[in-house]
Amino acid sequence: GWLDWDFLTSFASRRPEEAGIKAAIAGTFWMMSITAPLAFIIGVATAIYLEEYARDTRLSRLIQTNISNLAGVPSIVYGLLGLTIFVRVFAFGASILSGALTMTLLILPIIIVSAQEAIRAIPVSQRHASFALGANRWQTIVRVVLPSAFPGILTGSILAFSRAIGETAPLIVVGAVAYIARMPESVFSQFTVMPIQIFTWASLPQEEFQHVSSAGIIVLLFMLLTMNALAIFLR
C-alpha cells in the first residue's frame, strides 16, 4: 500500500508518509547510463584483444591471472580505489561521474572474463572458413566471431550490470549521500542511488520506514527485472 505514484515522484523526507524515491531512481539511471556502455565497450574490447590478438607470453598470462583475481576482490576495495583516484586525484568530487567510474572498475573483470569465455567457445573452423573466403582478421571478428559470441557476452554483462545496480558499499565510500532533495543536473552533481536509499530507510527506528523500504525494494526489483528482460530480448 505504500507503493503509489506519489512515492515514485517525491523526494526523500523525514516523514514516512511523504518519503519518495524520485532522486534515487534518477541517480541510479544517471550512474548506469555511464557505467553500462563504458564497461561493456572496454570489457569486450579487452576480451577481443586478449583472445584474438595477444600472443601467449608471460606478460599476457600475468594480465589474464590478474583480471581473474580482480573479479573476486571485495567491492569496498573498489570504493577506496575510486575515492583515491576519481574523487581526490582527478578531483571529480562526490559526483555521479566518480560513482559511475568506480562501478565500471568493479564490473569490468566480470565482463572481460565472460566475454573471453564466449569468444573462446566459437569453433576455430568458423574462423578458418572466414579466412578461406578472403576475410581479414578484423572482418572475421566483427562478422563471424562477435555475432556468434554475443549471447554469451550479453549473459555475463547482465550479471555484471545486476551487481552494479545493487551495490552500496563502494558508492558510500565514494560519497553518495542518503538525502537528496533535488534532481541531478550533470555528471558532477551529488547523487544517491536506490540501494543506499533503501538501506537508510531500513535502518531508521520508525516502523513506517520499514514499509517505505519495502516499497523501494519492489521498485528496485522491477527496474532490475526490466533491465534483464531487455538484455534477454536482445540476446
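Let's start at Ala91, which sits in the loop that links helix 4 (75-89) to helix 5 (96-120); helices here are DSSP runs of H or I with at least four residues, strands are E runs of at least two, and both are numbered from the N terminus. Although Ala91 is not a glycine, its phi is positive, at about 60°. Ala91 counts as exposed because its relative accessibility is 59% (exposed means over 50% relative accessible area, buried under 20%, and partly exposed in between, with a 1.4 Å probe and protein chains only).

A word on what you are looking at: this is a predicted model, in which local features need pLDDT of at least 70 and side-chain atom pairs count only at pLDDT 80 or more, while totals for chains, interfaces and linings use all residues. Residues are numbered from 1 along each chain as its sequence is written, and side-chain values use heavy atoms, with hydrogens and water left out.

Now step back to the whole chain. It holds 10 helices and 0 strands, and its C-alpha trace spans about 70 × 40 × 30 Å along the principal axes. Of its 235 residues, 43% count as buried. Take the contacts (heavy atoms within 4.5 Å) between residues at least 6 apart in sequence: 74% of them join residues at least 24 apart.

Back at Ile107, the contacts beyond four places in sequence are with Thr35, Ala39, Ala160, Phe161 and Ala164.

Finally, look at Ser114, which belongs to helix 5. Is Ser114 buried or exposed? With a relative accessible area of 18%, Ser114 is buried. A polar atom of the Ser114 side chain lies 3.0 Å from the backbone oxygen of Ile111. Leaving out residues up to four places away in sequence, Ser114 touches Ile153, Gly156 and Ser157.

Terms used
Polar contact = N/O pair within 3.5 Å; in protein donor to acceptor, adjacent residues only side chain to side chain.
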